[in-house]
Amino acid sequence: MQKFTFYNPTRIYFGKNAIDNLATELGKFGNNILLAYGGGSIIKGGLYDIVKAICGRCGKTVYEVSGIMPNPRTEKVYEGIEICKKHDVDLILAVGGGSVIDCVKAMAAGAKTDKDFWQTFYRNKEKCEAATPIGVILTLPATGSEMNSGSVVTKWDENLKTDYTDDCLYPHFSILDPTYTYTLPANQIIYGAVDTLAHAFEQYFSAPDDDNPSDYLAEAVILNVISNVEKALACPTDYEARSNLMWDSTMALNRVIGCGKRQDWNSHMIEHALSGFYDIPHGAGLAIVFPNWMRYVRHLCLGRFVRFAERIWGVNPKGKTDDEIALEGIQAVQDYFRSIGAPTTLTEVGIPAERIEEIAAKVELTEGGYQPLTQKDVVEILKAAV
């Protein structure tokens with residue numbers, strides 16, 4: 001394993017009625033709370049009223065920013081920053097999934113500076129010296145943002161979706177009650193599962209490939225997601241399946257399974273460019289990109305793909321070359337995505353082949369993989385995905 005430093009200060013409250021811990025956490029902060037949420041599902045489901053009632057009993061003044069969309073945009077971040085500064089907000093409480101949490105992290109960073117949050121943090125990647133504290137009530141397992149310091153925001157007028165990470169942006173606490181996911185639409189469960197798997201893949205398919213615990217942990221997360229998605233879709237109130245998927249999503253990106261690994265993340269960068277142009281669900285884009293990325297890079301780490309095929313998908317290696325085993329495992333990934341209802345081609349989500357080079361030019365490639373990719377490589381991967 002490579003050298004690493006691990007740090008994660010987020011306190012997790014997990015399980016039924018975990019929200020009973022909210023009052024204790026609110027008592028650690030000042031009186032002004034910014035409640036941030038998405039399209040209104042928390043109102044329909046009653047969670048909004050519960051949170052407001054707890055805040056009221058704790059004597060908190062609550063301000064709100066609502067309508068945070070998937071692939072959150074800079075406009076919503078600026079709205080939240082303005083409220084934070086105007087009312088001297090002491091805590092931003094994100095109630096929702098990864099999009100809400102990511103948006104809140106950007107607000108938290110921007111609220112404590114006079115500089116433009118987008119240029120300073122998301123473009124220039126400057127250090128965040130201070131941020132408004134963040135709390136989370138998770139309603140959609142997918143991104144792991146409830147227990148990490150990363151955030152992804154889209155500047156739609158530039159078709160640019162990019163990330164920022166800083167230790168200031170770890171949530172102080174996150175409340176994870178699997179029962180809050182019972183009413184999620186099936187497509188959100190599907191895309192959340194794909195996102196979780198993709199996070200594990202980005203860390204698993206990277207050097208070093210020595211015998212290390214991080215890879216075994218990644219395999220455990222992958223196998224557990226696969227074994228629980230169909231159960232959750234078949235029975236929305238299957239607490240065991242829902243709780244497993246919720247903790248899988250957190251574990252997949254709370255930095256634990258990446259310890260000692262270089263990590264890749266280029267498939268995520270490619271997807272960011274796709275949804276930066278077409279606003280498709282993040283999980284949908286990842287389901288399209290990942291199998292094609294796997295086929296394209298498999299020769300760089302054939303042994304890893306053989307291990308993956310055998311351990312995860314049970315591929316029988318008898319009488320097959322390593323490349324045949326690897327390709328069978330990769331095909332199993334694509335077949336699995338298709339079987340649970342995720343798209344596997346660009347055509348299915350309305351992205352035409354003629355836009356590929358324009359999209360590829362926006363991809364912010366990383367250097368953590370087995371071998372750095374070029375824009376030309378991205379074009380070939382996306383052509384294969386048509």
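**Note on the predicted model: sheet, helices, pocket**

1. Helix 9 (residues 239-252) lies across strand 1, strand 5 and strand 8. Helix 9 runs at about 170° to strand 1. Axes are lines fitted to C-alpha atoms, for helices over the stretch in contact, and angles run from 0 to 180 degrees between N-to-C directions. Contact means heavy atoms within 4.5 Å. Helices (H or I, at least four residues) and strands (E, at least two) are DSSP runs, numbered from the N terminus.

2. On provenance: this is a predicted model, where local features need pLDDT of at least 70, side-chain atom pairs count only at pLDDT 80 or more, and totals for chains, interfaces and linings use all residues. Residues are numbered from 1 along each chain as its sequence is written, and side-chain values use heavy atoms, with hydrogens and water left out.

3. The open sheet has 6 strands in the order 1-8-5-4-2-3, with parallel pairing. Strand 1 (11-14) and strand 3 (61-65) are at the edges; each has a single partner strand, so one side of each lacks a neighbour in the sheet. The twist averages 20° from one strand to the next. Two strands pair if DSSP finds at least two bridges between them.

4. Phe14 stands opposite Leu176 in strand 8.

5. Helix 5 (residues 98-110) lies across strand 2 (32-36), strand 3, strand 4 (91-96) and strand 5 (134-138). Its angle to strand 4 is about 165°.

6. Asn254 sits in the loop between helix 9 and helix 10 (266-278). Beyond neighbours within four places in sequence, Asn254 contacts Phe6, Asn8 and Met147.

7. Ala186 belongs to helix 7 (residues 186-204). With a relative accessible area of 45%, Ala186 is partly exposed, a class running between the buried limit and the exposed one (over 50%). The C-alpha atoms of Ala186 and Ile50 are 25 Å apart, at a sequence separation of 136 residues.

8. The second largest pocket is lined by 15 residues; Phe4, Thr5, Phe6, Arg255 and Gln263 lie nearest its centre. A pocket is an open set of points on a 1 Å grid over the protein atoms alone where a 1.4 Å probe fits, with protein on both sides within 12 Å along at least five of seven lines; lining residues have an atom within 4 Å of a point. The volume is about 220 Å³, taken as the space filled by probe spheres set on the points.

Conventions
Buried means under 20% relative accessible area, exposed over 50%, partly exposed in between (1.4 Å probe, protein chains only).
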